[in-house]
Amino acid sequence: MVLLTLAAAFFLWLAINTRPDGDWDQASYGGIELACALAVVLAGAVGALWLAPSVRRVMRWPWAVPAVLLGVAAVVRWASSGA
């Protein structure tokens, strides 16, 4: 779960720090969308993994909260990317 959360954080960081040169820079917008999508998928994988009863017994909800917050932030960045 920690590695998936770190990977989601990396892709969110990538999406936040990618700046298009202008409205015509579709490659940057595509990169932002891809990074956000990967962050959402990885955060969803953490959430799905946490739903397993065997995992929930060992790792309580504070382990899943950072990934969920990263997923929400990625969705917000994706929606505000302007692509």
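This is a predicted model: local features need pLDDT of at least 70, side-chain atom pairs count only at pLDDT 80 or more; totals for chains, interfaces and linings use all residues.

Q: What does the C-alpha trace of the chain span along its principal axes?
A: We're looking at a chain of 83 residues, of which 31% are buried. Along the principal axes, the C-alpha trace spans about 50 × 20 × 15 Å.

Q: Are α1 and α2 roughly parallel or antiparallel to each other?
A: The axes of these two helices come within 8 Å and cross at roughly 160°. Angles over 145 degrees count as roughly antiparallel. So α1 and α2 are roughly antiparallel.

Q: And are α2 and α4 roughly parallel or antiparallel to each other?
A: Helix α2 covers residues 26-50, and helix α4 covers residues 65-79. They pack at an angle of about 155°, with their axes 8 Å apart. The cut-off is 145 degrees, and anything over it counts as roughly antiparallel. Therefore α2 and α4 are roughly antiparallel.

Q: What about α1 and α4: are they roughly parallel or antiparallel to each other?
A: Here the axes are 10 Å apart, and the helices pack at about 25°. Angles under 35 degrees count as roughly parallel. So α1 and α4 are roughly parallel.

Q: Is the crossing of α1 and α4 left-handed or right-handed?
A: Let's take the other pairs along the way. α1 passes α2 in a left-handed crossing, and α2 passes α4 in a left-handed crossing too. As for α1 and α4, their crossing is left-handed.

Q: Which residues make the nonpolar surface patch of about 450 Å²?
A: One member is Val2, which lies in helix α1, residues 2-17. Val2 has a relative accessible area of 40%, so it is partly exposed. Patch residues need over 30% relative accessible area. The patch is made by Val2, Leu3, Leu6 and Trp63.

Q: Is Leu38 buried, partly exposed or exposed?
A: You'll find Leu38 in helix α2. Buried would mean under 20% relative accessible area, and exposed would mean over 50%. Leu38 has 32% relative accessibility, so it counts as partly exposed.

Q: What distance separates the C-alpha atoms of Leu38 and Leu14?
A: Leu38 is a residue of helix α2. Along the chain, Leu38 and Leu14 are 24 residues apart.

Q: What distance separates the C-alpha atoms of Pro66 and Thr5?
A: Pro66 sits in helix α4 and is partly exposed, with a relative accessible area of 36%. Along the chain, Pro66 and Thr5 are 61 residues apart. Their C-alpha atoms are separated by 7.2 Å.

Q: Is Leu51 buried or exposed?
A: Exposed means over 50% relative accessible area, while buried means under 20%. Leu51 has 53% relative accessibility, so it counts as exposed.

Q: What distance separates the C-alpha atoms of Leu51 and Arg77?
A: Along the chain, Leu51 and Arg77 are 26 residues apart. Their C-alpha atoms are separated by 26 Å.

Notes
Residues are numbered from 1 along each chain as its sequence is written. Side-chain values use heavy atoms; hydrogens and water are left out. Patches are made of residues with over 30% relative accessible area and no salt bridge: like charges are joined within 9 Å, nonpolar side chains (Val, Leu, Ile, Met, Phe, Trp, Tyr) within 5 Å. Accessible areas come from the Shrake-Rupley method with a 1.4 Å probe; for residues, only the protein chains shown count as cover. A salt bridge is a side-chain nitrogen of Lys or Arg within 4 Å of a carboxyl oxygen of Asp or Glu. Helices (H or I, at least four residues) and strands (E, at least two) are DSSP runs, numbered from the N terminus. Buried means under 20% relative accessible area, exposed over 50%, partly exposed in between (1.4 Å probe, protein chains only). Axes are lines fitted to C-alpha atoms, for helices over the stretch in contact, and angles run from 0 to 180 degrees between N-to-C directions. Angles under 35 degrees count as roughly parallel, over 145 as roughly antiparallel, 65 to 115 as roughly perpendicular and the rest as oblique. A crossing is left-handed if the near helix is turned anticlockwise from the far one by less than a right angle, and right-handed if clockwise.
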